[in-house]
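Biologist: Thanks for sitting down with me over this one. Could you put the model up, so that I can ask about it piece by piece?

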Amino acid sequence: MVTVFGLGFVGLTTALGFAHLGCKVYGVDVDAERKKILRAGKLPFLEPHMDKVLAEHLNKNFFVTDDVAAAVADSEIIYYCVGTPYGADGSADLKFLFSAVDMTIDAVADEKFRVLVTKSTIPPSTTSEKIIPYVAEKTGGSKNFAVANNPEFLREGHCWEDFIGADRIVIGCDNERAREMLVKLYAPMNIPIKCVTPSTGEFIKYLSNTLLATLISFSNEMAQVADTIGGIEVAEAFRILHMDKRWNGCNMTSYVYPGCGYGGYCLPKDTNAMFAQSKTKGFEPQILKNVIATNDQRPKNIARQIVKNLSANATIGILGLSFKPLSDDVRDTPALHIIQEILAAGYEKIVAYDPAANEEFARRYPNLPVKILQSAREVYDAADVLAIVTAWEEFRGVPSFGGKKIVDCRYML
């Protein structure tokens, strides 16, 4: 039996994944609206295929519960998939994680051995230096608790296939009994399992995400170089780059391709947290520092391109609000930063449309003076210039609407 704290993209995928493997899984979340939606058999976010998996397992071997004590009492393994946002200095905020740990330990009323597993992304050394000592202090050094981490490698828009068809499973754990329990949990998947130290497990996740962030920032910087030089077909240059046999047919080409900068939840959070953690430990990594700076600068450069030669009362159309297609996630989305730069430049008339994220963008950023429209055609008709900010496939057809200026920020036309 498994309890999962946090039912966002990672938590719900994890919970349904273990339910799919035949485990009895309890899902716990502090968001009442999210729980209401899930109990109704619906997803609280856009994620392909997950609605069918939810329908298959809800109230059979996956249960959304408010009874933490009963869930913990019935579980040997507790997963934490709560948010670990980064603060002003880039460091990870662990308050939600420790709150969930508190709820777990406070609910325990027996002598059963339990493994507390962090799937939330946390900086290297957090498990050994913070979580293990915290649990030991709170439990009086009880041997009935072990701590591990099990980083996730999910892509929004592909969460289910990335869980079921994972290329590796990483378990960071120093406790032999706990490690054996986690290996047994994953064994039916027949996927390579790599058991490492807790800090190694944490580092592997950051190694992955900071590489992706670096590739994106490199590509955006080179696109800016090309635009500065002039006369360069940027999109074609990158497509020809991808023909190099050293890429070996892998799908990393989506990261080595220019756009609006990286966004969403993981890459901004993890890149900043890794930089902050290393700096705290005494080394300031210059590549990561400049990856972050490049990404922060990208919306400014794009906004300048959009408003170039526009009259002050022009209407600007934004096509795409989610941080990437096939997702309704607008956390730290480049669209937000581009819109803020446009507003800062003095342009007050902005209209926007996204195939999936209209409502989520309006809900999360209610104070932005942006008029949300219901189709790309409506944006085209209302705007003097348009900018493709998210690479939704339907936006390829926008040039057929007429001859208005379109700034292709995703190099997709």
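Biologist: Which residues does Phe-62 touch, not counting residues up to four places away in sequence?

Modeller: Happy to, and please keep in mind that this is a predicted model. Phe-62 is among the residues with the most contacts inside the largest nonpolar core, along with Phe-18, Val-25, Tyr-79 and Leu-182. Leaving out residues up to four places away in sequence, Phe-62 touches Leu-7, Leu-12, Ala-15, Leu-16, Ala-19, Val-25, Gly-27, Leu-54 and His-57.

Biologist: How many residues does the second, separate core have?

Modeller: This second core includes Ala-303, Val-330, Ala-357 and Cys-409.

Biologist: Which residues of H13 are buried, and what do they pack against?

Modeller: In H13, the buried residues are Pro-334, Ala-335, Leu-336, Ile-338, Ile-339 and Ile-342. The partners they pack against are helix H12 (286-307), S9, strand S10 (349-353), helix H14 (358-364) and strand S11 (370-372).

Biologist: Which residues around H13 have a positive phi?

Modeller: In the loop between strand S9 (315-319) and helix H13 (334-344), Leu-326 has a phi near 65 degrees. Asp-332 lies in the loop between S9 and H13 too, and its phi is about 55 degrees. Just after H13, a positive phi of about 100 degrees belongs to Gly-346.

Biologist: Is Asp-270 buried or exposed?

Modeller: Asp-270 is found in helix H11 (residues 266-280). Apart from neighbours within four places in sequence, Asp-270 is in contact with Thr-121, Lys-205, Tyr-206, Asn-209 and Thr-210. Buried means under 20% relative accessible area. Because its relative accessibility is 0%, Asp-270 counts as buried.

Biologist: Which side chain makes a polar contact with the side chain of Asp-270?

Modeller: The contact is between two side chains, at 2.7 Å. The partner of Asp-270 is Lys-269.

Biologist: Where is Glu-76, and which backbone nitrogen does its side chain reach?

Modeller: Glu-76 sits in the loop between helix H4 (68-73) and strand S4 (77-80), and it is partly exposed at 25% relative accessible area. Leaving aside residues up to four places away in sequence, Glu-76 touches Met-1, Lys-112, Phe-113, Arg-114, Val-115 and Met-181. At 3.1 Å, the Glu-76 side chain reaches the backbone nitrogen of Met-1.

Biologist: What separates the C-alpha atoms of Glu-76 and Pro-355?

Modeller: Along the chain, Glu-76 and Pro-355 are 279 residues apart.

Biologist: What separates Arg-377 and Asp-381 in helix H15?

Modeller: An α-helix has 3.6 residues a turn, so residues three or four places apart point the same way. The side chains of Arg-377 and Asp-381 meet in a salt bridge, 3.3 Å from N to O. Because they are four residues apart in helix H15 (residues 376-382), Arg-377 and Asp-381 are separated by about one helical turn.

Biologist: How many salt bridges does a search of the whole structure find?

Modeller: Side chains of opposite charge can pair when their charged atoms come close. One of the pairs is Asp-167 with Arg-168, whose closest N and O atoms are 2.9 Å apart. Another is Glu-284 with Lys-279, with the closest N and O atoms 3.5 Å apart. The search of the whole structure finds 26 salt bridges.

Biologist: Which residues make the nonpolar surface patch of about 430 Å²?

Modeller: One member, Phe-218, lies in helix H9 (residues 198-229) and is partly exposed, with a relative accessible area of 42%. The residues that make the patch are Phe-218, Met-222, Val-225, Ile-229 and Ile-232.

Key
Residues numbered from 1 in each chain as written. Predicted model: local features only at pLDDT ≥ 70, side-chain atom pairs only at ≥ 80, totals over all residues. Heavy atoms only, no water. Patch = residues over 30% accessible without salt bridge, like charges linked within 9 Å, V, L, I, M, F, W, Y side chains within 5 Å. Areas by Shrake-Rupley, 256 points an atom, 1.4 Å probe, with all protein chains shown as cover. Salt bridge = Lys/Arg side-chain N within 4 Å of Asp/Glu carboxyl O. Helix = DSSP H or I, 4+ residues; strand = E, 2+ residues; numbered from the N terminus. Buried < 20%, exposed > 50% of the residue type's maximum accessible area, 1.4 Å probe, protein only. Core = buried A, V, L, I, M, F, W, Y, C linked by side-chain atoms within 4.5 Å. Contact = heavy atoms within 4.5 Å. Polar contact = N/O pair within 3.5 Å; in protein donor to acceptor, adjacent residues only side chain to side chain.
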